[in-house]
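Here is a brief report on one protein chain. Keep the sequence at hand while reading.

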Amino acid sequence: MRPRHLRRRGALAAAATTLAVLCAGQTLAAPQAAAAPVPALGREVRASTASEVHTAQDAAARAIAGALADPGWRARVRKAALASDEVAVTALADGALRTALAAADRRIAAAKGLAPHVGPLLRLRLGDPSMRAALTAGTESWVAAATSDDGPVTAYDGKGRTHTLDARKAPARPVYVVDIDGSRALAAGLDVLHEELARRGVRSAGPASEPEQTRSRAAAAGLWTTRITAVSLSDDQEPWIKGDAEIYTLVTGFGHDGKVRVDPVDMPYLDNDGTVYRPQQILVNWSSYKYDLADAVMMEEDGSTNYRDLAKAIAAVLLTVTDQGAYTPLVNALLDAIPDDWWTDDPDYVDSWYTLARTDSGTRYGARGNGWMTLEPYFVQEL
């Protein structure tokens, strides 16, 4: 489940701020560099993404609920929801309902800065496992859109009436939740992030890229990496309306050209807090970096994330950081440049790890205490 208590600041601000703080936090007696003012995205842009996504999900929930008056559709949805944790509801529908859900899919993709051909993003799931018995018994089901906050949940019945539910206590009545396919959205979003960062002048390896064999780091018969042998996020009490987290990490440091680079790493297995995962996943490819130090910012895919805007915010900050033989402080200038409203809303920031070294081995706790990773140096042999 998503670490709810982590989501207290604006998503784009948290990403941009944290990345700059990481580049600055490990200062090795480097002088403070003057920074140009950092342009901020308008509040209305960030609000628009969340509003567009939620409006589309809510419209889909209303349409699905209305269609439940049809016994055939009702039986089809019940069977699919009992057979799978997530149902590709657009493909399941037909006729006018399918047309309406397809339009909602396109609207969500556009709001998140994704290409129209990303595919259906809407998913339907049962709100809580405790509802399975009532659903199996044929109890009338309601439909609700997954929300990005912790407020009351609005559900719709087959007659179009609204019902307010407690986000903290799952109702006895079965409730279908309309959500976004986080895995699909994140995979497409990281591709957009990589492309947009590169277009704006920030070097970045694609999230699915093989390790680059560059310069002297790869001159031998392979290259050094840092591998995650275990990882876990903190436990918390998450509302029943929320689904699994979709986590990714932004690894940043100085490339061989002396410019800051950002490499996204998808972590599709990291679904729930309080669970230890043992992925054996490569986190840092040291052949891409000039120094034996890098930083990591763990983020969560959120329905309100626009990946093109995220890339713009990151690039605006990182392009002001220059290599002076050590990490350059930029914290004060950055904090002064960020409007107060960036620290409100509903962020994606999970945790961060400062000064990861190529020789690091053992457990490292995140700076915010919200997660930990066990790391080890790992040499990738050349074929």
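The sections below go from the whole chain to single elements and one residue.

## Basis and overview

This is a predicted model, in which local features need pLDDT of at least 70 and side-chain atom pairs count only at pLDDT 80 or more, while totals for chains, interfaces and linings use all residues. Residues are numbered from 1 along each chain as its sequence is written, and side-chain values use heavy atoms, with hydrogens and water left out.

The protein chain holds 9 helices and 13 strands. Both kinds of element are DSSP runs, numbered from the N terminus: helices are H or I with at least four residues, strands are E with at least two. Of the 383 residues in the protein chain, 53% are buried. Here buried means under 20% relative accessible area, exposed over 50%, and partly exposed in between (1.4 Å probe, protein chains only). Take the contacts between residues at least 6 apart in sequence: 79% of them join residues at least 24 apart. A contact means heavy atoms within 4.5 Å.

## The five-stranded open sheet

An open sheet is built from 5 strands in the order β1-β5-β2-β3-β4, with mixed pairing. The edges are β1 (122-126) and β4 (162-165); each has a single partner strand, so one side of each lacks a neighbour in the sheet. On average, neighbouring strands of this sheet are turned by 35 degrees against each other, direction ignored. Axes are lines fitted to C-alpha atoms, for helices over the stretch in contact, and angles run from 0 to 180 degrees between N-to-C directions.

Strands β2 (residues 142-145) and β5 (residues 175-180) run parallel and are joined by 4 bridges. Two strands count as paired if DSSP finds at least two bridges between them. Ala145 stands opposite Val178 in β5.

## Strand β7, enclosed

In β7 (residues 247-254), 8 of the 8 residues are buried, so the strand is largely enclosed by the rest of the structure. In a regular strand the side chains alternate between the two faces of the sheet. Both faces of β7 are covered. One side has Ile247, Thr249, Val251 and Gly253, and the other has Tyr248, Leu250, Thr252 and Phe254.

β7 pairs with β8 (residues 260-267) in the antiparallel sense over 8 bridges. Val251 stands opposite Asp263 in β8. The hairpin of β7 and β8 has 5 residues between the strands, and Gly258 there takes a positive phi near 85 degrees. β7 also pairs with β10 (residues 293-300), again antiparallel, over 6 bridges. Leu250 has Val297 as its bridge partner in β10.

## Helix α5, two faces

Helix α5 (residues 95-111) has 17 residues, which should span 24 Å at 1.5 Å a residue; its end C-alpha atoms are 25 Å apart, which agrees. The expected span is 1.5 Å times one less than the number of residues.

The buried residues of α5 are Leu97, Leu101, Ala104, Asp105, Ile108, Ala109 and Ala111. Down the helix axis they fall within an arc of 160 degrees, so they line one face. That arc is taken from the directions from the helix axis to the C-beta atoms. The face turned away from the buried side carries the exposed residues Gly95, Ala96, Thr99 and Ala110. Just after α5, Gly113 takes a positive phi of about 75 degrees.

Glu196 lies in helix α7 (residues 182-199). Its relative accessible area is 7%, which means that Glu196 is buried. The Glu196 side chain makes a polar contact with the side chain of Arg199 (3.0 Å). A polar contact is a pair of N or O atoms within 3.5 Å; within protein, one must be able to donate a hydrogen and the other to accept it, and residues adjacent in sequence count only if both atoms are side-chain atoms. Neighbours within four places in sequence aside, Glu196 is in contact with Arg308 and Ala311.
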